[in-house]
Amino acid sequence: MIVITGASGQLGRLVIDILLKSVPAQQIVAAVRDPQKVADLAALGIQVRQADYDQPATLVKAFAGADKLLLISATEIGRRLPQHRAVIDAAKQVGISLLAYTSILHADSSPLPLATEHRLTEALIQASGIPAVVLRNGWYSENYLASIPAALTYGVLLGSAGDGRIASAARADYAAAAAAVLTLDGQAGRVYELAGDASYSLAEFAQELSQQSGTLVGYQNLPEAEFKAALVGAGLPEGIATLLSESDIGASKGGLFDDSHQLSQLIGYPTTPIAVQIQAALP
């Protein structure tokens, strides 16, 4: 039996969709804070169990009887470590035979502040003694695709990534990787550096957007503080604005680049090109 935490989220749902192609629905557990949000999964025969990272007792019940567990990193930045620790402790208590964790690209050396909680979580997993596989996910292309409407409206793409190369991939590609390690043999002890097959700068992203949309979009590189202020001014919560601006600075230092092609090798097909995703995202 395979448990997917955060199953009501975008990544979790994609992982379940892929697992359903090879795993019977009744052998999949959707562990979620609010079971009502995944009533559609229950209708497919998937086991839906209530699991709250802040209520450890619910985790033990949710994981009972499972062999494998996918820990999709929590969304509350700054609170992830105690939440992840609760999941790891519960997994150990019920005897999980393989724990898969969605970390961040090059977590051990990443310049992104976001990597700190991932790095510490990886250490917790290792110390637990649970057989584990680490999926160090690179940037989701969707993070930049979300800026397309504003870029087309104002004719400019803002950022702080400089000339940094970004080897992003589609969320669906990362979901396929998670499903793969949960169904393949011999995954314990592996650490995957997962990123797109090709990379681009944000200036190249803006150029591709211009070509496909017919609207001239330029890239304007801003200091971190100015980019964050622009994001807040556009209506983003300060925490998200901080995350994005810090991550762009990390990208300028090479934090979002990898050319090992481990993602496409793991899933068995090329990652989704950014040009294809831009085309699909255009209004």
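## Domain arrangement

The centres of domain 1 and domain 2, taken over C-alpha atoms, lie 28 Å apart, in a predicted model for which local features need pLDDT of at least 70, side-chain atom pairs count only at pLDDT 80 or more, and totals for chains, interfaces and linings use all residues. Residues are numbered from 1 along each chain as its sequence is written, and side-chain values use heavy atoms, with hydrogens and water left out. The domain assignment of the protein chain gives domain 1 as 2-138 + 170-194 and domain 2 as 141-166 + 197-258 + 271-281, with bounds that come from an automatic or database domain assignment.

## The interface between the domains

The contact (heavy atoms within 4.5 Å) takes 11 residues from domain 1 and 15 residues from domain 2. The two domains bury about 1100 Å² between them, 61% of it on carbon and sulfur atoms, where buried area is the accessible area (1.4 Å probe) that two parts lose on being put together, summed over both. Of the area that domain 1 buries against domain 2, Pro111, Leu112 and Ala170 supply 38%, more than any other three residues.

Between domain 1 and domain 2 the count of salt bridges is 0, a salt bridge being a side-chain nitrogen of Lys or Arg within 4 Å of a carboxyl oxygen of Asp or Glu. Across this interface the rule finds 3 residue pairs in polar contact, both residues at pLDDT 80 or more; a polar contact is a pair of N or O atoms within 3.5 Å, and within protein one must be able to donate a hydrogen and the other to accept it, while residues adjacent in sequence count only if both atoms are side-chain atoms.

## Nonpolar cores

A nonpolar core is a set of buried Ala, Val, Leu, Ile, Met, Phe, Trp, Tyr and Cys residues joined through side-chain atoms within 4.5 Å, and buried means under 20% relative accessible area, exposed over 50%, and partly exposed in between (1.4 Å probe, protein chains only). The largest such core has 37 residues, and those with the most contacts inside it are Ile4, Val15, Leu19, Leu70 and Leu182. Its largest share, 9 residues, comes from H8.

Leaving aside neighbours within four places in sequence, Leu182 is in contact with Ile2, Ile4, Val15, Leu19, Lys68, Leu69, Leu70 and Ala100. A second, separate core of 27 residues includes Tyr144, Ile148, Phe205 and Leu256.

## Gln47

Gln47 is found in strand E3, residues 47-50, with helices (H or I, at least four residues) and strands (E, at least two) taken as DSSP runs numbered from the N terminus. Gln47 counts as partly exposed because its relative accessibility is 26%.
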